[in-house]
Amino acid sequence: VPRKPEQQKKSRELKIREKAFRDRWINILKVASQGTPEALKVAIIDADKLADDSLKQLGIIGETMADRIEEITSDEMVSIDRLLKAHRVRNDLVHNVGFEISSRTAKNLLEDYEAFFKELDLLG
């Protein structure tokens, strides 16, 4: 059955969005792989932004990312508590001068973001 032009257009737009998402995620992981405290901080901040963009694309409303996260229960999404924890650490990194995390903690946080993205089917 041939696909209608609007179906083809939607499919192409979805593929472009998926590729853009994966490209952003791969870049975040590349930055984190540098291993410096600054690179890890940037990677966490960028991962958090990518997660918030994903929440917005899902149509979840709230004034802040935390508000959007709180709209989702752990019954609806298993990884949401991990995302909230990671977001709180991101806030500490951004708002508390001198707040630093170990490379192990940064790796764990990126795994928390990755679990969220995988649960949304954004990563294979």
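Q: What makes helix H4 oblique to H5?
A: Helix H4 (residues 80-95) and H5 pack at an angle of about 140 degrees, and their axes lie 9 Å apart. Angles under 35 degrees count as roughly parallel, over 145 as roughly antiparallel, 65 to 115 as roughly perpendicular, and the rest as oblique. So H4 ends up oblique to H5. The axes here are lines fitted to C-alpha atoms, for helices over the stretch in contact, with angles running from 0 to 180 degrees between N-to-C directions. Keep in mind that this is a predicted model, where local features need pLDDT of at least 70, side-chain atom pairs count only at pLDDT 80 or more, and totals for chains, interfaces and linings use all residues. Residues are numbered from 1 along each chain as its sequence is written, and side-chain values use heavy atoms, leaving out hydrogens and water.

Q: Which residues of H4 and H5 meet?
A: Ile 80, Arg 82, Leu 83, Lys 85, Ala 86, His 87, Val 89 and Arg 90 in H4 meet Leu 109, Glu 111, Asp 112, Tyr 113, Ala 115 and Phe 116 in H5, with contact meaning heavy atoms within 4.5 Å. The residues of that contact of H4 with H5 split into eight nonpolar, one polar and five charged.

Q: Why is Asp 112 called buried?
A: Asp 112 has a relative accessible area of 3%, and buried means under 20%, exposed over 50%, partly exposed in between (1.4 Å probe, protein chains only). Asp 112 sits in helix H5 (residues 103-119) and, not counting residues up to four places away in sequence, touches Arg 82, Lys 85 and Ala 86.

Q: Why is H2 called roughly parallel to H5?
A: Helix H2 (residues 37-57) and H5 pack at about 15 degrees, with axes 10 Å apart. That angle makes H2 roughly parallel to H5. The residues of the contact of H2 with H5 come out as 13 nonpolar, two polar and one charged.

Q: What makes Ala 47 buried?
A: Its relative accessible area is 0%, so Ala 47 counts as buried. Ala 47 is found in helix H2. Leaving aside neighbours within four places in sequence, Ala 47 is in contact with Trp 25, Ile 28, Leu 110, Tyr 113 and Phe 117.

Q: Is Asp 121 buried or exposed, and how do you know?
A: Asp 121 is exposed, because its relative accessible area is 68%. Asp 121 belongs to the segment after H5. Its phi is near 65 degrees, a positive value in a residue other than glycine. Just after H2, Gly 59 takes a positive phi too, of about 85 degrees.

Notes
Helix = DSSP H or I, 4+ residues; strand = E, 2+ residues; numbered from the N terminus. Nonpolar A, V, L, I, M, F, W, Y, C, P; charged D, E, K, R; others polar.
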